[in-house]
Amino acid sequence: MSTVVISGSQWGDEGKGKIVDYLAQKADIVVRFQGGSNAGHTVAVDGEEYKLRLLPSGILYKNTLCVIGNGVVLDPQVLLEETDAMKARGIDVSGIRISNRAHVVMPYHKIMDELNEKMRGKGKIGTTKRGIGPCYIDKDDRIGIRVCDLIEREEFAEKLKILLEIKNPILEKVYNAPPLKYEEILKEYEGYADRIRPYVCDTIALLNREIDAGKKVLFEGAQATMLDIDYGTYPYVTASHPISGGVCVGAGVAPKKIGKVFGVVKAYCTRVGEGPFPTEQPGEIGDKLREAGHEFGTVTGRPRRTGWLDACVVKYSGSLSGTDYMAVTRLDILDGFDEIKMCTAYELDGEILNEIPACLKTLAKVKPVYETFAGWKTDISKIRRYEDLPENAKKYLQRMAEVTGIKLGIVSVGPNRDQTIVIAEDIF
Ligand code: GDP
Ligand code: IMO
Ligand code: MG
């Protein structure tokens, strides 16, 4: 099967966009299957940087179809801003296909996301405030608006009326916020509908037909395992399934049709928002990692929390996603470090744990067991072959593969497309 899933192995921002863009050179189709505009995927080509939120990271290739699957929550305003920005830079966006079953992010979702966070006070999740959670809530509550409803004028007008009758009293009485105006939203969203209509289709049928015809398909995960609603550090998670299994429900592709799985692993670790992070380095080391790596959120601009690589988390991700290969990114960010640490086990009350604790109170008590590696203190950004990497860098990577039980597939040594070392030869 010529299908490859790219999934984040940590807490997001591992460099999934860069890896997808690299692999998309050979792909016919790139598919987003979960999340929404909470994602921020940066792709760098020939010194130009593209920040993508809803558009799949295959958009820079002229003949690649870019599918927004049914599992995505689609903010049409963000999508259209992105497509306009792309067009202004000379990028052809005619290859976009939008699932008629994807759910639509509405203004009340964004307002409620923001107000929910305020109401949570100290217990806030630190969401991106893009309406993601509230939109998935409505989907599960069976009061969501899907793209197929949005593009049917009468259907949308009717649904919006009913929904505002539900949402406005909640906004006013629970949140103490002003009600939303029907006519304004109707007009705004009718405008979006007119613009996205040409791209809408049954992407499930499309994908299955193309996969069966032997086309090469990449599935681009957003967020990551530790933000998965079931497997992450709940409740400090997002509302979807970034693990590889998310492809089945979020794109309508059966498990049998999933070929290989790549887990993207940042060579150290970052997290945006609240929640546990066992290998976090709040002091000098964390600051050095943040400065060396310019670790600030793409979507919100927030400083990312930083720490050493947690191989326990990567191993856990690998077992959940059936990861065949690791794509290790940002190894070059560690170039200036004398010493590098990797957490290879968790210890609790003197015992080594075999599982990631579900209970956050227990996870907070866990002591990471570190192994220390000598740094390589060399610029590796121009290296293009694995054998040319410094011995100390190879030792670090090999230990990562050993502890996680996952093979090395790709090593990335810079943001640009060409700064990529490919080890796995059977990707497609
Ligand atoms: P994503 O959300 O997983 O796609 O990751 P982000 O795009 O949010 O964050 C990753 C950042 O690292 C982006 O700015 C990329 O351009 C950049 N990047 C990706 N791979 C590498 C790498 O190997 N080295 C360096 N220095 N930067 C990288
Ligand atoms: P990419 O695809 C990093 C985090 C938020 C917050 C939690 C819930 O670029 O890796 P949400 O808005 O989804 O309800 O927020 O998830 N988060 C991300 N962190 N990278 C992302 O996406 C993220 N998307 C959401 O910071 O902690
Ligand atoms: Mg990101």
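1. The charged end of Lys161 sits over the ring of Tyr182, at 4.5 Å from the ring centre, and the charged end of Lys288 likewise sits over the ring of Phe337, 4.4 Å from its centre. A charge is taken to sit over a ring if NZ of Lys or CZ of Arg is within 6 Å of the ring centre and within 35 degrees of the ring normal.

2. A word on the basis of these values: this is a predicted model, in which local features need pLDDT of at least 70 and side-chain atom pairs count only at pLDDT 80 or more, while totals for chains, interfaces and linings use all residues. Residues are numbered from 1 along each chain as its sequence is written, chains are lettered from A and ligands numbered from 1 in the order in which they are written, and side-chain values use heavy atoms, with hydrogens and water left out.

3. Across the whole structure, a search finds 7 aromatic pairs. One of them is edge-to-face, because the rings of Tyr189 and Tyr192 have centres 5.0 Å apart and planes at 75°. Rings of Phe, Tyr and Trp (its six-membered ring) pair if their centres lie within 6.5 Å, and planes under 30 degrees apart count as stacked, over 60 as edge-to-face and the rest as tilted. Tyr189 and Tyr192 are about one helical turn apart, because they are separated by 3 residues in helix α7 (residues 182-196); helices (H or I, at least four residues) and strands (E, at least two) are DSSP runs, numbered from the N terminus. Ring pairs also bring in Phe156, so that Phe156, Tyr189 and Tyr192 are linked into a cluster.

4. Are these two tyrosines, Tyr189 and Tyr192, buried or exposed? Tyr189 is buried, at a relative accessible area of 1%, and Tyr192 is buried as well, at 12%, where buried means under 20% relative accessible area, exposed over 50%, and partly exposed in between (1.4 Å probe, protein chains only).

5. Phe373 and Tyr396 form a further edge-to-face pair, since their ring centres are 5.4 Å apart and their planes at 80°. This pair links distant parts of the chain, with Phe373 in strand β18 (residues 367-374) and Tyr396 in helix α13 (residues 391-404), 23 residues apart. Both Phe373 and Tyr396 are buried.

6. Around ligand 1 there are 19 residues, of which Lys16, Thr42, Arg330, Asp332 and Ser412 come nearest; a residue is near a molecule or strand if one of its heavy atoms lies within 4 Å of it. Oxygen atoms of ligand 1 take part in contacts with the backbone, with a backbone N or O atom of Gly15 at 2.8 Å and a polar backbone atom of Thr42 at 2.8 Å. A nitrogen atom of ligand 1 lies 2.7 Å from a polar side-chain atom of Asp332. Of the 580 Å² of accessible area that ligand 1 has on its own, the protein covers 93%, with areas from the Shrake-Rupley method with a 1.4 Å probe and, for residues, only the protein chains shown counting as cover.

7. For ligand 2, 20 residues lie around it, and Lys16, His41, Thr128, Gln223 and Thr238 come nearest.

8. The protein has 13 helices and 20 strands, and 58% of its 428 residues are buried. Its radius of gyration is 22 Å, which agrees with the value near 22 Å for a compact globule of 428 residues; the radius is taken over C-alpha atoms, and the globule rule is 2.2 Å times the number of residues to the power 0.38.

9. Lastly, the backbone. Most residues other than glycine have a negative phi, and most peptide bonds are trans. A cis peptide bond joins Tyr234 and Pro235, with omega about 5°, and Pro235 is found in the loop between β10 (217-220) and α9 (246-251). Asp13 has a positive phi, near 60°, in the loop between β1 (3-8) and α1 (16-23), and is partly exposed at 24% relative accessible area. Arg142 also has a positive phi, of about 60°; Arg142 lies in the loop between α4 (132-140) and α5 (147-150) and counts as exposed, at 71% relative accessibility.

Definitions and conventions:
A polar contact is a pair of N or O atoms within 3.5 Å; within protein, one must be able to donate a hydrogen and the other to accept it, and residues adjacent in sequence count only if both atoms are side-chain atoms.
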